[in-house]
Each structure stands twice: as C-alpha cells, then as structure tokens.
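Dear colleague,

I am handing over the structure below, together with notes on what was found in it. Please read the notes with the coordinates open beside them.

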Amino acid sequence: MEIALLLHLYQPVTQSRDIFKKVYEDTYVPLIKKISRTRGLRMSISLPLSLLEQMDRYGYGSWIKDFKELVDLGKIEIVGTAAYHPILSKFPADIIEKQIILNEYGVGYYFGDHRNLEGEESIMVKNLLGFFPPELSINELLLITLDKLRYNWMIVDETSIPYMTKDDSRFGVYSYENRNIKIVCRNRSLSNILSFKRDTKIDDITSSIFLGGNKESFAVVLDGEYFGHHFNDGFVLINHLMSLSYDHGIEFTTVSDYVENSQPKKLDKVIEGSWGATDEEISSGNLYPMWYDLNNEIHELQWKLIFRLIEFSKNLEKISGVSECGSTPIWKPEGLKEISDVKARKQIAQEILLLKALHSDQFWWASKKTMPMGEYLYSPPMVL
C-alpha cells in the first residue's frame, strides 16, 4: 500500500517580508530537514514562482540549494503549477498557458540547466510530469491545455469526479477519454483531516486510512505550511504518521510513482470546481465559495475589475514569449535590466505585472468565511 504525499508550498506576491521569514522558519527549514533525515520518506512538492521569487529576494538561496539536492537524490518530485497562483479555471487559455509556462521557466531557472543541448543559453527543465492546479480549481479547458503541454497527470479534488454510486470512494487514478493525461483524485477525507487537525492523536487518521478494511493506495494533498506554521506540532504528527506506516507496511511515495503503479479507472468528464467547495455547493452552481461566491458583492466587483484588466491587456503590444530571453530571470528587476530592447523590457514587465495581479488570495480574504481550525476553534472572519 502506498500513500502519495503532495505538499503545496506557497506565499502570495503581496506577502510581507516578516511573515515570509516566520513561515520560512516555522515550515520551510524544518520540512527540508525532515525529508532529508527520514528514511523512506519521498513526496511530490508544488513550488510556484511566487514562492521561489521571494526565497531568492530575501536571501534564502541556501534553502533552494538544499531543495535541489533532495530533488537530485529522488527524495522530492517537483510538480508543475501556475506561477502566481490564480484560479486557473476562471481564465482564458492564453492566461492559463502563460502562468504555466512562466512557472516552468522559473523552476528551470532555479533547479534546471541554463544551457540547451546545443550549448546555447537557455532554460532547461526536465521531469515535470504532474500538475497541481492552485486551489484545485479545474475545468475541461485546463485539462485540455495540460494535455497539450504534455503533462502526465493532474491532481483534482473528489468533488470534480462524478459519483458512480454514493457508496463509492472517488479517490484514485483515472484515464480520460481521448486524452493522454491521467486524472489523480486526492483522498479528500484524509487530506482535510490533516489540513484542519490541531492535535497529535492519530485515531481519526488511522480510521480514515483503513476505512472499511481499505488497503488501496491513494494521494494526500494539502498545503505544506500546515506543518509547523499552521500547526506547531505538525511535524510531531508526521512522525506519528510515519510510525504508523512502518507498522502497516505503508510506503510514502511520489504521485508520479503512484500513477505508474496504478490501474486507472475510466472517466469521461470532470466537474468544474475547487477544493473549497462541497458537492452540494457545486451542485447549486457555487463552484468557488472562497474565491467567487455568487452571493458576495465584493467578489463580484473584484472579478469585474480583473476581467477588465485582462481585456485592457489585449490591446497592449505582445511579445512572442519568454523563450527569447535566454536564461534571464524576467521576474526580477535586475533581470529585466539585462534586456537591452527598451520596448521588449516594458512589454515583459507589463505581462509579469498582469500575471501577478491575478493571484487568488485577494478573493480569499474578501470571502467573509470562517475556517474551522479544529473542533471548536475558528479563525476571525477573513474580511476587513
């Protein structure tokens, strides 16, 4: 039995340096140490450019170096995502592609080669087999785009998989009609237990893993900041989880290995939605309750502004793509200065600013929701 663990590490472009430093100390440093020192612990990690850019800016290059070493050792699999964490399924194909390709470029800059096979200056990234959609927001257009970009698999939430029967578990690996890409549905129950757990007891985890005598492999997907930053004892809990796995012969692996070892079920459609929605909310048409609540006037105004910004950007002169920039880090001011063509430099800066402006957190904080942080504890309403 295998548990494929995928952690999504992320900080928004609007994050303050002080908060970033705290998350770095609470989560990112101990996470690297934990992976490095734990025998048999392998996992997949999503690293958007939004996070890597801040790691670089604030002088945490040693963390990037340590992370790369673990990738080279096969302890970590990097998966693709969107550069600046938008709700991808709300945007047109050109925006989706730009976010994905820019993130590939960023991952290549920090972890790949800076020369192509002919020895020319270029960003080369390899083994980006899977894809994590921010907030697990997906639709048919995203799936088609990822298939065209030759991703092997995409993570989705159980709410994006149609019910076969109410008693069937939906997590698992699926092949999709007329597409090469596989759909990997996370175990929503266990992923959410971990995301909101605020004690170190593992009875509920054990019950979820072996529910109904289950010995089927599955994927667990959650925010990596849970360990340490959101929950001080998160790393204690993962120690308990590792001990449980050893006792029952469970292996922790990457999602790509899990996909490789699975017999896919067949799927002929995906349901648009996100990991913030329940089946009932999706059925009622409220697909993004944390990011585009149909009853939230602030959300309505925010999205009108975003769509106007996108329309305005269509009238700007376009560049042909980041591939013409060699190995220049075009998201950095000093990187832009390396581009001698003033017109191209301005166009690239505009493109980057647009992509940054689409991040999901601005909608999250306007959601007016309260989030369960354990059985009785709730966070303050997420709105000013």
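W331 counts as buried, because its relative accessibility is 4% and buried means under 20% relative accessible area, with exposed being over 50% and partly exposed lying in between (1.4 Å probe, protein chains only). This is a predicted model, in which local features need pLDDT of at least 70 and side-chain atom pairs count only at pLDDT 80 or more, whereas totals for chains, interfaces and linings use all residues. Residues are numbered from 1 along each chain as its sequence is written, and side-chain values use heavy atoms, with hydrogens and water left out.

On the aromatic side, rings of Phe, Tyr and Trp (its six-membered ring) pair if their centres lie within 6.5 Å, and planes under 30 degrees apart count as stacked, over 60 as edge-to-face and the rest as tilted; by this rule the count comes to 22 aromatic pairs. The rings of W331 and Y109 have centres 5.4 Å apart and planes at 85°, so this pair is edge-to-face. Since Y109 belongs to helix α4 (residues 93-111) while W331 is in the loop between α11 (297-313) and α12 (333-336), the pair ties together parts that are 222 residues apart in sequence. Helices (H or I, at least four residues) and strands (E, at least two) are DSSP runs, numbered from the N terminus.

W303 and F363 form a stacked pair, with 4.3 Å from centre to centre and 5° between the planes, and both residues are buried. W303 lies in helix α11 and F363 in helix α14 (residues 361-364), so this pair ties together parts that are 60 residues apart in sequence. K90 lies over the face of W303, at 5.6 Å from the ring centre, where a charge sits over a ring if NZ of Lys or CZ of Arg is within 6 Å of the ring centre and within 35 degrees of the ring normal. The charged end of R170 likewise sits over the ring of Y163, 3.8 Å from its centre. One aromatic cluster is formed by F20, Y24, Y28, Y58, Y60, W63, F67 and F111.

Helix α4 also holds V107, which is buried, with a relative accessible area of 3%. Leaving aside residues up to four places away in sequence, V107 touches L47, L52, I78, G112 and V125, contact meaning heavy atoms within 4.5 Å. The C-alpha atoms of V107 and L49, 58 residues apart along the chain, are separated by 7.1 Å.

Turning to the strands, an open sheet of five, with mixed pairing, runs in the order β6-β7-β9-β8-β12, two strands being paired if DSSP finds at least two bridges between them. Its edge strands are β6 (130-131) and β12 (265-267), each of which pairs on one side only. Strand β8 (residues 172-176) and β12 run parallel and are joined by three bridges, and Y176 has L267 as its bridge partner in β12. Helix α5 (residues 140-148) packs on the sheet, touching β6, β7 (153-156), β8 and β9 (182-185).

For the chain overall, there are 14 helices and 12 strands, and buried residues make up 53% of the 384 residues. Among contacts with a separation of 6 or more, 73% come from residues 24 or more positions apart.

Best regards

Technical notes:
Axes are lines fitted to C-alpha atoms, for helices over the stretch in contact, and angles run from 0 to 180 degrees between N-to-C directions.
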